[in-house]
Amino acid sequence: MKIAILGKPFDESLAPFLQALLNDLIQRQAQVMIVEAFHTYLSQHMEVPASITTFRRGDSLQGVRFVLSIGGDGTLLDTVTYVGSLQIPILGINTGRLGFLATITPDNIAPAIDSLFKGHFVLEDRSLIRVDTDPDSFGAINFGLNEFSILKRDSSSMIVVHTYIDGEYLNSYWADGLIVSTPTGSTGYSLSCGGPVMLPQTNNFIIAPVCPHNLNVRPLIVSDRSVISFEIEGRSNNFLLSLDSRSVTVEANVQIAVRRENFNARLVKLNHVNFLSTLRSKLNWGLDRRNPAGIPI
């Protein structure tokens with residue numbers, strides 16, 4: 001089995017867990033490859049087996065059976081950009097903080113790997129958002145798992161985002177920005193702006209203004225079959241476009257359209273962990289003294 005690993009620096013107390021992970025994979029005769037920067041970091045903190053190879057962004061992951069994302073949710077978002085249209089299943093190992101997407105804790109790495117090799121898992125497809133701009137802003141990596149945002153660049157005055165759905169005028173948002181979120185991203189930036197939580201299988205986008213100055217405007221759910229386009233106005237000539245964790249500065253004359261990408265991100269789910277149980281554990285749903293004892297949180 002061929003396995004690729006991407007990751008970010010972690011607390012030194014977690015090194016024994018990751019050392020055990022590498023040893024376990026080699027013992028199972030897996031063909032392991034680690035992204036170059038993370039391989040260098042691991043080599044400084046543990047013994048990396050000599051048989052492990054490295055790769056860089058742009059190298060083909062063809063033939064890889066699973067990708068392990070070691071870090072937080074941001075690491076998993078970055079991992080999606082490496083996988084792209086190959087739709088290789090991604091297992092998120094959480095060495096970060098919240099771990100909404102990366103759900104495997106360090107002390108559960110060993111049973112998680114065992115489940116992968118035994119086939120005891122389910123795959124969950126998550127829709128992606130695609131951004132097309134003229135002039136081009138994001139290059140070949142113009143898709144994201146969470147959200148696309150249009151934001152004022154600094155402490156300048158509010159901006160106006162004229163928004164169209166399938167060419168028909170929707171609204172002009174006077175705000176600090178505007179977010180278009182996928183169902184996966186509904187628990188991220190969109191949620192902090194008052195947007196709803198959506199189940200991952202929902203075929204919709206959320207359009208949510210950031211600090212709107214017209215207070216009667218509220219988040220809106222639209223079909224992800226739609227093409228949403230924008231025109232931007234403001235006192236500043238420069239604005240910020242953000243796609244998950246990647247941001248670029250653009251001029252006001254940029255043409256922007258978003259739609260659903262024609263491939264998905266495929267996440268590995270283990271041990272009966274699902275979106276509803278994650279909501280309860282990460283958002284503390286159910287922590288109410290009125291709930292009967294014994295109801296799982």
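What percentage of the 297 residues in the protein is buried?

## Model and burial

Buried residues (under 20% relative accessible area with a 1.4 Å probe, protein chains only) make up 49% of the 297 residues. The model is predicted: local features need pLDDT of at least 70, side-chain atom pairs count only at pLDDT 80 or more, and totals for chains, interfaces and linings use all residues. Residues are numbered from 1 along each chain as its sequence is written, and side-chain values use heavy atoms, with hydrogens and water left out.

## Overall form

The protein has six helices and 19 strands, which are DSSP runs numbered from the N terminus (helices H or I, at least four residues; strands E, at least two). Its radius of gyration, taken over C-alpha atoms, is 21 Å, close to the 19 Å that the globule rule (2.2 Å times the number of residues to the power 0.38) gives for 297 residues, so the protein is as compact as a globular protein of that length. Along the principal axes, the C-alpha atoms fill a box of roughly 60 × 50 × 35 Å.

Among contacts (heavy atoms within 4.5 Å) with a separation of 6 or more, 67% are between residues 24 or more positions apart.

## An open sheet

Six strands form an open sheet with antiparallel pairing, in the order β8-β7-β18-β15-β10-β11. Two strands pair if DSSP finds at least two bridges between them. The edge strands, β8 (143-144) and β11 (168-175), each pair on one side only.

Strand β10 (residues 159-165) runs antiparallel to β11 and is joined to it by seven bridges. Val-161 has Tyr-173 in β11 as its bridge partner.

How values were computed. Buried means under 20% relative accessible area, exposed over 50%, partly exposed in between (1.4 Å probe, protein chains only).
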